[in-house]
Structure formats: C-alpha cells, structure tokens
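Good morning, colleagues. I would like to take you through the side-chain pairs and the ligand surroundings of one model. Please look at the structure first.

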Amino acid sequence: MSVGDRTVTLGIWDTAGSERYEAMSRIYYRGAKAAIVCYDLTDSSSFERAKFWVKELRNLEEGCQIYLCGTKSDLLEEDRRRRRVDFHDVQDYADNIKAQLFETSSKTGQSVDELFQKVAEDYVSVAAFQVMTEDKGVDLGQKANPYFYSCCHH
Ligand SMILES: Nc1nc2c(ncn2[C@@H]2O[C@H](COP(=O)(O)OP(=O)(O)OP(=O)(O)O)[C@@H](O)[C@H]2O)c(=O)[nH]1
C-alpha cells in the first residue's frame with residue numbers, strides 16, 4: 001500500500017472468530033501491530049464476541065492498534081431495520097479503548113480500502129515515532145514540537 005512516498009506491505013492473517021480457537025488465534029496475533037476485530041452489524045451477539053477479542057488483545061498485545069470493523073453494511077443499505085449494533089454505542093466503546101471504527105461491506109467493498117489505508121498510515125506514523133524516539137531520544141516531558149505532534153495525532 002502507498003503511504004505518502006512509502007510502500008507498506010501488510011501481512012494479513014484471518015483468524016477464527018470463535019473463542020473455541022482462542023489458543024490457536026493467539027499464535028497468529030502474537031506480535032501483531034494491528035488487529036481488525038470484526039463483528040456483524042446485523043447480529044448483536046457478534047459484537048459481544050468482538051469485545052472478548054478486544055480484551056484479549058489489550059491484555060496480551062499492548063503494542064497492537066485495534067480497529068473495530070462492523071461488517072455487512074450492504075444489508076443495512078437495503079433495510080436499516082436490520083441493524084442490531086448501534087453506531088454510537090460502538091463509537092463510545094471505540095473511544096474508550098482508543099480504537100478506530102469502520103463499517104464495511106465485503107459485498108460492495110464499502111470502506112474496505114479506507115480501513116486498510118488507515119492501518120498502513122497509522123503503522124507508518126507509529127514506526128516514524130519509534131525511530132525518532134530511539135534515534136534522537138525525545139524527552140517526553142518536553143512540550144511537543146510540531147514534528148512530534150504530527151507523528152502522534154491522526
Ligand atoms: N451481505 C453480506 N454478507 C456477507 C458479507 N461478508 C460476509 N458475508 C456472509 O456471511 C457469511 C460468513 O462469512 P465469512 O467470511 O465466512 O465469515 P467469518 O467471520 O470469516 O467466519 P469464520 O471464518 O467462521 O470466523 C457468509 O455467508 C458470507 O457470504 C458482507 O459484507 N455482506
């Protein structure tokens with residue numbers, strides 16, 4: 001993917017969503033820099049399961065940026081009454097856990113590119129921040145300079 005003048009290659013693992021495969025999924029997400037936790041917008045129980053994975057990731061992978069992804073948005077375009085997971089409730093939850101929220105459709109492609117673009121952009125920002133702090137020893141107690149700010153806020 002292109003981020004500015006850089007090319008970022010994402011390695012993507014699609015893990016099983018069921019808690020039954022919890023131990024196996026952990027093998028996949030160990031060391032991951034980003035996790036897209038999906039739930040079905042037409043199924044409230046799937047959002048409850050998504051929260052389980054968020055907890056897992058937050059407990060075990062501190063450095064992993066979480067993206068919440070409501071799927072099958074095309075079904076809502078057809079009939080809004082099919083929505084079972086409220087956008088604002090999830091947005092509040094996302095704000096709480098410092099995650100970003102996307103509503104996508106694999107069928108129409110809605111917001112899929114945007115989601116992966118954001119993952120790549122955030123990765124580049126965080127990597128730039130790490131290089132800067134490691135190489136130049138930024139004092140986090142100092143007032144942020146513009147470069148520092150642009151690296152950390154999106
Ligand atoms: N309308 C619609 N159906 C979808 C969409 N994405 C997936 N589906 C359907 O939902 C069902 C499950 O899709 P999967 O992609 O297998 O779901 P999954 O979460 O990967 O399932 P696991 O691998 O078991 O965790 C299939 O019947 C898909 O056709 C979508 O964006 N829109």
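Is K72 buried or exposed, or does K72 fall in between? K72 is partly exposed, at a relative accessible area of 37%. On this scale, buried means under 20% relative accessible area, exposed means over 50%, and partly exposed lies in between, with a 1.4 Å probe and protein chains only.

Some conventions before I continue. The model is predicted, and local features need pLDDT of at least 70, side-chain atom pairs count only at pLDDT 80 or more, while totals for chains, interfaces and linings use all residues. Residues are numbered from 1 along each chain as its sequence is written, and side-chain values use heavy atoms, with hydrogens and water left out.

Let me turn to the charged pairs. Side chains of opposite charge can pair when their charged atoms come close. A salt bridge here is a side-chain nitrogen of Lys or Arg within 4 Å of a carboxyl oxygen of Asp or Glu. That rule gives six salt bridges.

One of them joins D40 to K72, with 3.1 Å from N to O. D40 belongs to strand 3 (residues 34-40), and K72 sits in the loop between strand 4 (65-71) and helix 3 (73-78), so this pair ties together parts that are 32 residues apart in sequence. Helices (H or I, at least four residues) and strands (E, at least two) are DSSP runs, numbered from the N terminus. D40 is buried, at 13% relative accessibility.

A second salt bridge to consider is that of E103 and R83, at 2.8 Å from N to O. This pair also links distant parts of the chain, E103 being in strand 5 (residues 100-103) and R83 in the loop between helix 3 and helix 4 (87-96), 20 residues apart. E103 is buried at 17% relative accessible area, whereas R83 is partly exposed at 28%.

K51 and E48 form a salt bridge within one helix, their closest N and O atoms being 3.6 Å apart. They are three residues apart in helix 2 (residues 44-60), which separates them by about one helical turn. K51 is partly exposed at 26%, and E48 is partly exposed at 47%.

Which residues surround the ligand? They are G17, K72, D74, L75, S105, S106 and K107, where near means that a heavy atom of the residue lies within 4 Å. This shell divides into one nonpolar, three polar and three charged residues. For that division, Ala, Val, Leu, Ile, Met, Phe, Trp, Tyr, Cys and Pro count as nonpolar, Asp, Glu, Lys and Arg as charged, and the others, Gly among them, as polar.

A backbone N or O atom of S106 is 2.7 Å from an oxygen of the ligand.

Finally, the aromatic residues. Rings of Phe, Tyr and Trp (its six-membered ring) pair if their centres lie within 6.5 Å; planes under 30 degrees apart count as stacked, over 60 as edge-to-face and the rest as tilted. There are three aromatic pairs by this rule. In one of them, the ring centres of Y39 and F47 are 5.0 Å apart with planes at 65°, so the pair is edge-to-face.

Key
A polar contact is a pair of N or O atoms within 3.5 Å; within protein, one must be able to donate a hydrogen and the other to accept it, and residues adjacent in sequence count only if both atoms are side-chain atoms.
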